[in-house]
Amino acid sequence: MFLFLLIAMVVVVAAVTLAVVGGGDSAVLPEASPEQFVDPLPVTRPVGRADVEALRLPVGARGYRMADVDDVLSRLGAELAERDARIAELESALAGAQATAVGAPAPQEITRGGEAG
């Protein structure tokens, strides 16, 4: 019985060695071409929620490619900053229009005590 197990082990080790070392000209796992990032975010209109949800970043050997993620986050950050500035501008214009319509002093003229300065 021992001789049978020894021969079986030698055959298995030889088969694995031949498969790994003598695998032929092709590699065991062929080189995978890296995924290329195609920016699906719209250029002609503001980015919407559906655009962000549909965004899929390519995966590299160790996770997401940092450069691609940085590019997308920079673009989204710039669009959010632009929207925040536009919202602040519109809120200021609305507050000025409301103050003018009511005849009250504009928000810039109100001091801490609630009195016009």
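This is a walk through one predicted model, stop by stop, with something to select at each.

**Before you start**

Residues are counted from 1 along each chain in the order its sequence is written. Because this is a predicted model, local features need pLDDT of at least 70 and side-chain atom pairs count only at pLDDT 80 or more, while totals for chains, interfaces and linings use all residues; side-chain values rest on heavy atoms, with hydrogens and water left out.

**Stop 1: the whole chain**

Show everything as a cartoon and colour by pLDDT, the predictor's confidence in each residue, from 0 to 100. The mean for the protein is 78, and 74% of its residues reach 70 or more. Among the elements, α3 has the highest mean pLDDT (89) and strand β1 (residues 59-60) the lowest (74). Where pLDDT is low, the predicted coordinates should not be read in detail.

Now colour by secondary structure: there are three helices and two strands, in the order α-α-β-β-α along the sequence. Helices (H or I, at least four residues) and strands (E, at least two) are DSSP runs numbered from the N terminus.

Of the 117 residues, 9% count as buried. Here buried means under 20% relative accessible area, exposed over 50%, and partly exposed in between (1.4 Å probe, protein chains only).

**Stop 2: helix α1**

Select residues 2-21, which make up helix α1. (The expected span is 1.5 Å times one less than the number of residues.) How many of the 20 residues of α1 are buried? The count is zero, so to speak a hardly covered helix.

Next, pick Phe2, Leu3, Leu6, Ile7, Met9, Val10, Val11 and Val13 and show their side chains. Together they form a nonpolar surface patch with about 820 Å² of accessible area. Patches are made of residues with over 30% relative accessible area and no salt bridge; like charges are joined within 9 Å, and nonpolar side chains (Val, Leu, Ile, Met, Phe, Trp, Tyr) within 5 Å. Valine 13, a residue of α1, is partly exposed at 48% relative accessible area.

**Stop 3: salt bridges**

The structure holds four salt bridges, each a side-chain nitrogen of Lys or Arg within 4 Å of a carboxyl oxygen of Asp or Glu. Three of these pairs are worth a visit:

- Select aspartate 51 and arginine 45, whose side chains meet at 2.9 Å, N to O. Aspartate 51 is buried at 14% relative accessibility, whereas arginine 45 is partly exposed at 43%.
- Select glutamate 53 and arginine 49, with their closest N and O atoms 2.8 Å apart. Both sit in helix α2 (residues 49-54), four residues apart, about one turn of the helix. Glutamate 53 is partly exposed at 45%, and arginine 49 is exposed at 69%.
- Select glutamate 79 and arginine 75, where the closest N and O atoms are 4.0 Å apart. About one helical turn separates these two, because they are four residues apart in helix α3 (residues 66-102).

**Stop 4: helix α3**

Stay with glutamate 79. Is this residue buried or exposed? At 17% relative accessibility, glutamate 79 counts as buried. Leaving aside residues up to four places away in sequence, glutamate 79 touches Pro46 and Val47, where contact means heavy atoms within 4.5 Å.

The 37 residues of α3 should span 54 Å at 1.5 Å a residue, and its end C-alpha atoms are 53 Å apart, which agrees. Its buried residues are Asp68, Val72, Leu76, Glu79 and Ala99, and what covers them includes α2.

Now click leucine 76, buried at 17% relative accessibility. Which residues does leucine 76 touch, not counting those up to four places away in sequence? They are Leu41, Val47 and Val52.

**Last stop: glycine 103**

Finish just after α3, where glycine 103 takes a positive phi of about 90 degrees.

Conventions
The expected span of a helix is 1.5 Å times one less than its number of residues. Accessible areas come from the Shrake-Rupley method with a 1.4 Å probe; for residues, only the protein chains shown count as cover.
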